[in-house]
Amino acid sequence: MSPILTDPPPLAADPSDGVAILEQRGSTAETFGIPLAVLAELTHRCPLQCPYCSNPLELERASSELTTAEWKKVLSELAEIGVLQIHFSGGEPTARKDLVELVQHASDVGLYSNLITSAVLLTRDRLAALAEAGLCHVQISFQGNEPVVADRVAGLKDAHRKKIEVAHWTRELDLPLTVNAVMHRQNLHQLGDIIEMAVELDADRLEVANVQYYGWALKNRAALMPTLQQIEDTTAIVEAAQKRLKGILAIDYVIPDYYALRPKKCMGGWGRQFFNISPTGKVLPCHAAETITGLDFESVRGNHSIAWIWQNSEAFNRYRGTGWMPEPCQSCDYKEIDFGGCRCQAFALTGDAGNTDPACALSPLHEQIFKLAETEASGDTSRFIYRNFSGGTPEPDDAQDA
Amino acid sequence: MATLRSRHVTVSEASRPVLPRHAKLRFDETRHRWVILAPERVLAPDDIAVEILQLCDGVRNVAAIIDSLAAKYVAVRELIGADVIAMLQDLADKGFLTEARENTA
């Protein structure tokens, strides 16, 4: 058996979980009610080439993206049906020339707006314009704590320096800052320094997110998978920092679930409290959902309203709730705690999105997946395949020693 | 850096608390209840918290907020005072409440 790295999740809902509280009251935000927050992937264009990108392998071209008018209509519709927050993401959302206009529109219709960005395209003037338009929060991704590792992972020279600069501007403009650090075997040794960096940047929050293996990350899994020892060290570092920095920096931590005992409650349960909208307007149960073949996703360009798609479309209802579950999920006490884990991961690892997520210790494949992770983590593959529009480009031979 | 500021706010009767620009107290028409919108979070404050937060305008100090609540509910000031300060401190610790600054303009 794999070692126990996580305690089983508590059976009672966290009282600070707004969703849980709203659901308890039996309001319209109860199960399958309209989500509180929606992710808008404005574009797949991005100057970075991170090998763990969560976008699909087949990236959408600029010419097929929703227009400014279409996105505005989407934002109005979301506000009208009860969505409270919008996350502007991508790709790189600042690659859209109309971002300030879209943020302004979100403010006008009453949506709380978060920007999830690599930051490298931002100027101080543009960030100030976004703040002026009502942007509420900025999340900047970091690939390391210094340029050698960080710029290599990002596949872009000078990216790290630029990110630090934009992080300072963010705080100067009095916008709250989240540092998002995506962690894997080749940068986990920098975690302690990344935590210090987040404190020095005066960030409010740090997300220590171990890579999740879909899309580009799955393609690069052998180069990214951490060792079990790294994960144990990481957990200790994060827990110590969470105590030490209480009231200064909030730290959220996502472990790589190949090493977990229980699967993550992916997206809070399929079609339960989250959806995202792809650059071309597809309404998706999660940003990786298009990796599952055989599911048709409706678009905002079609004949149905977003509320109809959320409530009635086949793709959302396929794995919604617990009725679809096979054993061992169906008779499991945790079925409404983790909802069987992640559908995309079940598909990626078993070929059937309706199977139990192999991250779960009760999956017949768990042992095999755990061993695979250990084997890949101790292998000598370190070369990345960079994310791009031409199906990925292997890192040059001489770059990996950087 | 001059812009770095301490996030530690200690709430006392003299504090003049206010929600920071990134924490928005709003009535959610769809779900018929008050919510606080914060970075990537939605909080659901209870009725008493909502009433107190509505008084946090950056002008009134905590003493005035307590006075106003004590008068409204005909309550013993000392009793509710401690509760009000504890609640505000909790929100401040979570980053959803800050202190109005003197003549920063």
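This is a predicted model: local features need pLDDT of at least 70, side-chain atom pairs count only at pLDDT 80 or more; totals for chains, interfaces and linings use all residues.
Strand 5 (residues 177-183) and strand 6 (residues 205-210) of chain A run parallel, and six bridges join them.

Helix 10 (residues 228-244) of chain A packs on the sheet, where it touches strand 6 and strand 7 of chain A. The direction of helix 10 makes about 160° with that of strand 7 of chain A.

## The whole sheet

The sheet in chain A is open and is formed by nine strands. Their order is 7-6-5-4-3-2-1-8-9, and the pairing is mixed. At the edges are strand 7 (250-254) and strand 9 (283-284) of chain A, each of which pairs on one side only.

## Asp338(A)

Asp338(A) belongs to helix 13 (residues 335-338) of chain A. Asp338(A) is buried, yet has no salt bridge. The nearest side chain of opposite charge is that of Arg262(A), 5.1 Å away, whereas a salt bridge requires the charged atoms to be within 4 Å.

The side chain of Asp338(A) does reach a backbone atom: the nitrogen of Gly340(A), at 2.9 Å. Leaving aside residues up to four places away in sequence, Asp338(A) touches Pro263(A), Lys264(A), Lys265(A) and Cys266(A).

Definitions and conventions: Residues are numbered from 1 along each chain as its sequence is written. Chains are lettered from A and ligands numbered from 1 in the order in which they are written. Side-chain values use heavy atoms; hydrogens and water are left out. Helices (H or I, at least four residues) and strands (E, at least two) are DSSP runs, numbered from the N terminus. Buried means under 20% relative accessible area, exposed over 50%, partly exposed in between (1.4 Å probe, protein chains only). Lys and Arg count as positive and Asp and Glu as negative; His and the chain ends are not counted. A polar contact is a pair of N or O atoms within 3.5 Å; within protein, one must be able to donate a hydrogen and the other to accept it, and residues adjacent in sequence count only if both atoms are side-chain atoms. Contact means heavy atoms within 4.5 Å. Two strands pair if DSSP finds at least two bridges between them. Axes are lines fitted to C-alpha atoms, for helices over the stretch in contact, and angles run from 0 to 180 degrees between N-to-C directions.
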